[in-house]
Amino acid sequence: MATRDLPTILRTYRRINGLNQIALAELLGYDKSYVSMLETGRRAITDLASRRHIAARLGIPAHILGVTDTDDAEYRAMLQFGDSTVRLAEIARKSGQAVEAVNELWPLVARLEARASEGRMERDSLVLLAHARVALGVSLGTVLPEERLSSAARWTGQAVKVAAHLGDPTFYAHTLRMHGNELRKAGHIGAAVARLEQSLELSNEPADQGSTLAFLCRAAGELGDGERFDAALRHYRCLLDRNTFSGLLFQPFTLREIELRGLLGTGRVLEAGRLVAVTVGTPSAPQWRIIERVTTGEVLVAIEEPSAATEAFTEAIEAAEQHRLPHQIQRTIRAAIKSGMRQLADEAEAALQRTRWLLGPHRAP
């Protein structure tokens with residue numbers, strides 16, 4: 001039954017029950033020659049009524065043969081509109097409304113997970129579950145504080161497990177890319193690099209490659225691996241020079257922020273200081289402006305320009321609280337404490353507490 005392959009199920013059923021094809025044909029109400037063609041795969045049954053009939057006569061669950069329960073209209077409707085739910089949630093996250101994305105995805109994922117726990121998952125359901133898991137993980141990774149980011153990585157990791165068996169290299173590369181970034185954010189940098197490099201090998205479209213390289217640059221910078229960072233950045237810049245901008249991660253504003261943070265992470269403070277004065281493009285989403293302001297503040301602290309750093313950090317704190325992004329506030333707090341900006345750190349801590357309250361259990365979906 002695990003194969004969900006009708007010819008295999010019929011042959012195995014006969015063998016287990018000691019039946020020949022004539023006896024099986026009588027049980028099913030079919031001609032022996034028709035059963036023979038079914039067993040050898042020369043004929044396929046695609047209509048649900050016939051599959052439901054076979055399941056009933058053999059005494060096996062109908063979902064094994066790809067048939068949902070006849071009275072499960074609500075589930076079929078959810079499956080029909082599930083793709084739209086995931087797409088709309090992704091649009092919401094990318095436009096700076098990650099909390100709303102989580103609220104949209106949570107009921108869908110919960111229903112699909114319940115279905116999976118019952119062992120009733122057709123291929124369409126598995127595909128939707130993988131898409132919903134990765135979307136939920138990335139959305140959670142946007143709004144959760146640092147100490148809870150591992151839960152976002154768990155969701156994207158579950159998506160990778162399903163995607164690995166779906167036979168869709170593009171989607172598999174996507175899940176590896178997003179899981180790699182969530183692992184990085186949760187502090188598992190080595191594992192993140194491995195997933196991202198695997199995703200890069202599977203990616204064919206420039207935008208997908210650029211997105212993967214953006215995350216790989218980030219991971220290499222956090223490792224302090226200047227050689228890997230430089231190689232990924234060169235590849236990213238080359239792709240960007242040859243192709244039209246596409247998405248949140250594949251455009252000049254993102255490239256500048258990634259380069260700033262990578263230069264700082266690999267100890268090249270003077271180069272980062274020269275780049276911080278250069279303005280390139282506009283952010284593709286509100287969260288990227290916030291990320292850039294924190295990174296700019298860190299560079300300005302490193303080159304000993306505290307007034308300008310305070311201004312950048314203050315902008316980041318205000319916007320991060322508005323968009324409920326605790327992780328970026330926590331980045332600001334660390335940088336402020338490290339540079340001795342005690343008052344700024346206190347203001348950021350107050351903003352973090354207000355944001356935590358807004359995202360607390362009493363507000364959970």
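Buried means under 20% relative accessible area, exposed means over 50%, and partly exposed lies in between (1.4 Å probe, protein chains only). This is a predicted model, in which local features need pLDDT of at least 70, side-chain atom pairs count only at pLDDT 80 or more, and totals for chains, interfaces and linings use all residues. Residues are numbered from 1 along each chain as its sequence is written, and side-chain values use heavy atoms, with hydrogens and water left out.

**View 1. The aromatic pair of Tyr30 and Tyr34.** Tyr30 has a relative accessible area of 22%, so Tyr30 is partly exposed. The structure holds three aromatic pairs (rings of Phe, Tyr and Trp, the last by its six-membered ring, with centres within 6.5 Å; planes under 30 degrees apart are stacked, over 60 edge-to-face, the rest tilted). One of them joins Tyr30 and Tyr34 edge-to-face, at 5.2 Å centre to centre and 90° between the planes.

**View 2. The aromatic pair of Trp106 and Trp155.** The ring centres are 6.2 Å apart and the planes stand at 70°, so this pair is edge-to-face. Because Trp106 lies in helix H6 (residues 98–117) and Trp155 in helix H8 (residues 149–163), the pair ties together parts that are 49 residues apart in sequence. Helices (H or I, at least four residues) are DSSP runs, numbered from the N terminus. Trp106 is partly exposed at 32% relative accessibility, and Trp155 is partly exposed at 22%.

**View 3. Thr295 in helix H15.** Helix H15 covers residues 286–302. Thr295 is buried, its relative accessible area being 0%. Its side chain makes a polar contact with the side chain of Arg331 at 3.0 Å (a pair of N or O atoms within 3.5 Å; within protein, one must be able to donate a hydrogen and the other to accept it, and residues adjacent in sequence count only if both atoms are side-chain atoms). Leaving aside neighbours within four places in sequence, Thr295 is in contact (heavy atoms within 4.5 Å) with Glu257, Leu260, Arg261 and Arg331.

Key:
Helix = DSSP H or I, 4+ residues; strand = E, 2+ residues; numbered from the N terminus.
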